[in-house]
Amino acid sequence: MSVPLEHDYIGLSETSSMERSSDKTSSSSSSTLTSEYENNNVLNLKETELRLGLPGSESPERKGGLGMSLFGKDLEDEPDGYLLSHLKNFVSGAKRGFSDAIDGSEKWALTMNGGSEVDLAKGAVLFSPRCGNNLLEKNNTHKSCLAGPAMKDAGVPSPQKPIEEKKTSPSNDNSSAPAAKAQVVGWPPIRSFRKNTMVTNLSKNSDIPDEKSGSGCIYVKVSMDGAPYLRKVDLKTYCNYAELSSALEKMFSCFTIGQCGSHGLPAREGLSESRLMDLLHGSEYVLTYEDKDGDWMLVGDVPWEMFTGSCSRLRIMKGSEAIGLAPRAMEKCKNRN
Amino acid sequence: MDSISKKTKDSPNSTDSPESTHPSSFPDEVLEGVLSLLSFNKDRSSVSLVCKDWYNAERWTRTKVFIGNCYSVSPEIVARRFPKIRSIILKGKPRFSDFNLVPENWGADIQSWLVVFARVYPFLEELRLKRMTVSDESLEFLAASFPGFKALSLSSCDGFSTDGLKAIATHCKNLIELDIQDNGMDDFGGGWLSCFPENFASLEVLNFASLNSEVNFDALERLVTRCKSLKVLRVNKGITLEQLQRLLMRAPQLMELGTGSFQQDLTPRQCAELESAFSNCKNLHTVSGLWEANSLNLPILYPACASLVFLNLIDATLQSGELAKLLAHCPNLRRLWVQDTVEDKGLEAVGSCCPLLEELRVFPADPFDPDILHGVTESGFVAVSRGCRRLRYVLYFCRQMTNAAVATIVQNCPDFTHFRLCIINPGQPDHLTNEPMDEAFGAVVKTCTKLQRLSVSGLLTDLTFEYIGKYAKNLETLSVAFAGSSDRGMQCVLGGCSKLRKLEIRDCPFGNAALLSGLEKYESMRSLWMSACNVTMNGCRLLAREMPWLNVEVMKDEESDDSHADKVYVYRSVAGPRRDAPPFVMTL
């Protein structure tokens, strides 16, 4: 089960993830990939692997392709204009801790291991559509896939399949890279609305099959616009918005929940309009969540308990996108009151 | 049909030749009177081929038309042939659009059809749409154009919102059925339900289970109270158990019920009231909904379980024990839909409690999470097959399967008409022997001679398709993904399955040779879909050139190279190439 890994993730410190990364780099296939990658500019699947280096660790040079040294200084060297400029926006738009991370030429991220691969794979599916395919769009003839060849046994020689909706693999159906568990568009053949229903169900019952819903953990996915993978947090481990906010901050190092988090929200009925505006103008990123109705709401409007009960996933949205949320959030507040 | 042929034998002037204009011994009214009794369109199609008189008599008496592909015919052609239509079923996009393989704005817009229908069929009563694009304006137009409109069913459609539903509720004074299923629609609130006028009482079917916004409960209760003929009610999860009890008290005549949330903490008195409400519903044969049902609340259902024929637990995340306890009360179940959270143990309970089961669908609770290992396996399926010998329809999502298990299953249940097996990891072999799953599907097609629909998965070579081509003589629909080794696979299917109507293929190594081997076949099929295969533009152009009655459409992915045909959709049509194709659909 992935439970222990996820617990580690929430309180992840740099040292523990470095340990993990060194485990992985010691595995032969991973280091092979690194060197292959460095030596070879030919289109191949390994180039499209999303890998992130830890602070202080070597991140493989990326030439062309979907270089995802997300926070690394080698960004400046990359020729892929569009992709990089977007990444740069992401990089420069962030506040506080993030720029600290950059300045120290520390590349904050995590290498893939079993646990992160899960999130990575999940993230890919959920990430590209949400972020308007910006990051993956320019991945020309590469197939972006999140296989972690080092991580799992190949076992099955099934074709590598792209994550992003617009790509299909014309001819490399029997490519040599092992499939691992890359996600595929439209597979398994389940309608997406049903996926949402099930996710909602599961976020109540996850990990503790025999207990009643509500008494276990509440794991929800956290996505961040521009990040290549998602994380999961257990809302039960926090008591208020402040704790959630700081945990997410640690996780993503560069986001802010604004005034919301820092004041906690004792008996507030809702955010006033002026505060919402402060929130949005004061920060590049805004924390939103999807509630049981499938609506995207601004975090911080409702009491904590109500929030944990109705939140099915979290998304750290760019402030500019979240502006549209504010009026609805106000409406919902008004309707509730 | 039999009575008609008897009549023609007895009649001295039965049709001498196909073009007989010789007055039939039946006046038209008699012929039409007889033919109007025919309800199955297949029979009607046969009848219409006998002679011109019969063709005309049939077209004047047909009231229901089924159009499986909205682009196979135009609304004008339909209107010309059938002047008296009251009920229409229209299907639009290819089925793989359900899984995001078809870009938005592909087409299948109902509006152009409605405009013609408004002119030609002012007495239209029923419209059932699947995978069509329907705008709010279209719904408003519908509500305004057909005063006698009675039944609207929208399944997997997109483009509309609750605003459109408001128009329907407000203006369709004779509405009997409003069935909203699984659509890509916008939900702007539950106010549409309050738009039914206070004197409106004709509703018999109401399904809004897939809508998320809460409706006004008082309005719903009043509606249910005055619609004395209400037979089917499927509410959404905003309705609580307490509210459900009140609804059931108002509508004990219900035959199909979709509950709301089943999660509320109930007092003993509330429990008793709910049990009593359920036992009052003597006609209840179908139950669905049951969101967040838990073992405390499920027993409320027990009084109704003995007569249950269809139990849809797709929204209730039950564990094996909960399911077992529930099914112990449902000996008459014919159809069961569950999530794989019930696991193999739950399926064992299915096998032991429900001997009359004919249909089983097991859906994955977490289909897109690659880390999930639990769910159902081959053992669960085998257990069901041992106890439920009458199984004929199965949809089974699992993460492991073996050839031996499938062979056992079809030995136990040789009457399968629909066998849809989805091994979630693409191209996964038999997990015990590591061999391809060829023999599994070989066993299916060899044993299940009545098989009409088959979906294959797992690691499959051309051998699977050789088997299918050789044995699946009644197969009408085949879905293939991540399978096959060469063109030969598809060629075997096209060559062997004489009744094939729909073939949908994705991510298989089938190329132009395979595509072109079906040249003559596609006209007898409804459609062919091939995506992410090895077909090229030239192959498609050749097909289009040779077969003028086929529409050969290609959608290219953004970054693929010029010669590759990424998504190919081929279908027969009497309406010619699409006139409303968006720029990304190329008609060759």
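**Chain B and its charges**

Of the 588 residues in chain B, 58% are buried, where buried means under 20% relative accessible area, exposed means over 50%, and partly exposed lies in between, with a 1.4 Å probe and protein chains only. Before going on: this is a predicted model, in which local features need pLDDT of at least 70 and side-chain atom pairs count only at pLDDT 80 or more, while totals for chains, interfaces and linings use all residues. Residues are numbered from 1 along each chain as its sequence is written, chains are lettered from A and ligands numbered from 1 in the order in which they are written, and side-chain values use heavy atoms, leaving out hydrogens and water.

Chain B has 21 helices and 23 strands; these are DSSP runs numbered from the N terminus, helices being H or I with at least four residues and strands E with at least two. Take the contacts in chain B between residues at least 6 apart in sequence: 70% of them join residues at least 24 apart, a contact being heavy atoms within 4.5 Å.

Now the salt bridges. The count over all chains is 32, each being a side-chain nitrogen of Lys or Arg within 4 Å of a carboxyl oxygen of Asp or Glu. One of them joins Glu58(B) to Arg62(B) at 2.8 Å, N to O, and both of these residues are buried.

Which residues pair with Arg128(B) in salt bridges? Glu126(B) does, at 3.2 Å, N to O, and Glu177(B) does, at 2.9 Å, N to O. Is Glu177(B) buried or exposed? Glu177(B) counts as buried because its relative accessibility is 12%. Arg128(B) has a relative accessible area of 23%, so it is partly exposed. Glu126(B), with 23%, is partly exposed too.

Last, a negative surface patch. Glu137(B), Glu140(B), Asp163(B) and Asp186(B) form it. Patch residues have over 30% relative accessible area and no salt bridge; like charges are joined within 9 Å, and nonpolar side chains (Val, Leu, Ile, Met, Phe, Trp, Tyr) within 5 Å. Asp and Glu count as negative, Lys and Arg as positive, and His and the chain ends are not counted. Asp163(B) counts as partly exposed because its relative accessibility is 33%.

Terms used:
Areas by Shrake-Rupley, 256 points an atom, 1.4 Å probe, with all protein chains shown as cover. Charge placed at Lys NZ, Arg CZ, Asp CG, Glu CD.
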